Each structure stands twice: as C-alpha cells, then as structure tokens.
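Please examine the sequence and the structure shown below. The paragraphs that follow lead through them step by step.

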Amino acid sequence: MADGPWNWCIAGRADPDRVMGALAGALERQVHGMVAGADLLCDVYHVGGDFPTMVDIYLTPAGVVEETIAGAVAVRLGAAVLLPDDTLNPSRYVLCEPDGTIRAVHVDERETDDGTERRHVRACTGHDPACAAPAGCDRSRWKPDPTPERPAAA
C-alpha cells in the first residue's frame, strides 16, 4: 500500500538524476522516472522562483514520514526542500534545510505560464499576516517559531 503523492520544491536548479539519486538513498530503494510499472515514480521539472526544482513523487511507501525523507534529501543535495504542511493555509510550508533543520515557513506564490513560483521564504512566527488565515498556524503540529517579541509558551 502506498501513501502520497508527495509534492516538493527544491531551492536552486537541481539535476533530475541527482534528485532521484538523493531520494533513492534516503528511501533505500530504487526510484524511477515516469516509467509504467515502476513501484516508486518521480517526476522532476523546473519553474522559476527561489525554489525552481519541482519534484512529484508517486506511489510513496506507506509508513514513511514525508518530512523525514525530505530532510534527508535536503542534506544529501545540500539544498533546502519545501513541502506542504498539515494546515490548509496556502502560504504555509515545511522547510527542510541542508543542515537537517525542519521548520514551518510562509512563502509567497505566483502563478506563471511555467507553473507556480515560490519566493520570499520567511519563518512562521505567528505574526505574519498569513498566520491570520482561517487555517491557523497554531493548529499545526509545526508550531510557529518563537521570537523575542513572542516567546514560546512555558
């Protein structure tokens, strides 16, 4: 049984073979391009913006935590990976950084003829206007980062 699909964006322009290699290493299994009959499919393509490498992963393995795998891919590539979070807030994502840090962020999106561009990544602090959306950031398991103006709850 499979979960997914997973839809990620990678900072910088990454080669599809390198992305699939990093994903294969993180999952410890073969990853294929869009090949009929393969058990794990990966489509890598490019758009504009700060996260121009788009990665769509199909037939993902059940029981694997997406953020953990995205974090491992970020470390292997040396590039940040952006993936949707668990809210319905369209500007909120989880950012997996090359140093292994995983945190909630907000991103500005713009639709173009080539696809959605994502720019201006900023930490989710609870003060961003995007945090006021009905699908509030405080409802996520990825809580807003504390700031000097808004310390973490005791």
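In this predicted model, strand S2 (residues 6-10) and strand S4 (residues 53-58) pair in the antiparallel sense, with five bridges between them. Within this pairing, Asn7 stands opposite Asp56 of S4. S2 also pairs with strand S6 (residues 81-84), again in the antiparallel sense, over two bridges. Here Cys9 has Leu82 of S6 as its bridge partner. Strand S2 is mostly covered, since four of its five residues are buried.

These pairings belong to a wider arrangement. Seven strands form an open sheet with antiparallel pairing, and their order is S3-S4-S2-S6-S7-S8-S9. The edge strands are S3 (41-46) and S9 (115-123), each of which pairs on one side only. On average, neighbouring strands of this sheet are turned by 35° against each other, direction ignored. Helix H1 (residues 16-27) packs on the sheet and touches S2, S3 and S4; its direction makes about 140° with that of S3. Helix H2 (residues 66-77) likewise packs on the sheet, where it touches S2, S6, S7 and S8 (102-112); the direction of H2 makes about 30° with that of S2.

Arg92 lies in strand S7 (residues 92-96). Is Arg92 buried or exposed? Its relative accessible area is 2%, and because a residue under 20% counts as buried, Arg92 is buried. The side chains of Arg92 and Asp85 are joined by a polar contact of 2.5 Å. Leaving aside residues up to four places away in sequence, Arg92 touches a number of residues, among them Asp86, Val105, His106, Cys124 and Trp142.

Conventions:
Residues are numbered from 1 along each chain as its sequence is written. This is a predicted model: local features need pLDDT of at least 70, side-chain atom pairs count only at pLDDT 80 or more; totals for chains, interfaces and linings use all residues. Side-chain values use heavy atoms; hydrogens and water are left out. Buried means under 20% relative accessible area, exposed over 50%, partly exposed in between (1.4 Å probe, protein chains only). Two strands pair if DSSP finds at least two bridges between them. A polar contact is a pair of N or O atoms within 3.5 Å; within protein, one must be able to donate a hydrogen and the other to accept it, and residues adjacent in sequence count only if both atoms are side-chain atoms. Contact means heavy atoms within 4.5 Å. Axes are lines fitted to C-alpha atoms, for helices over the stretch in contact, and angles run from 0 to 180 degrees between N-to-C directions.
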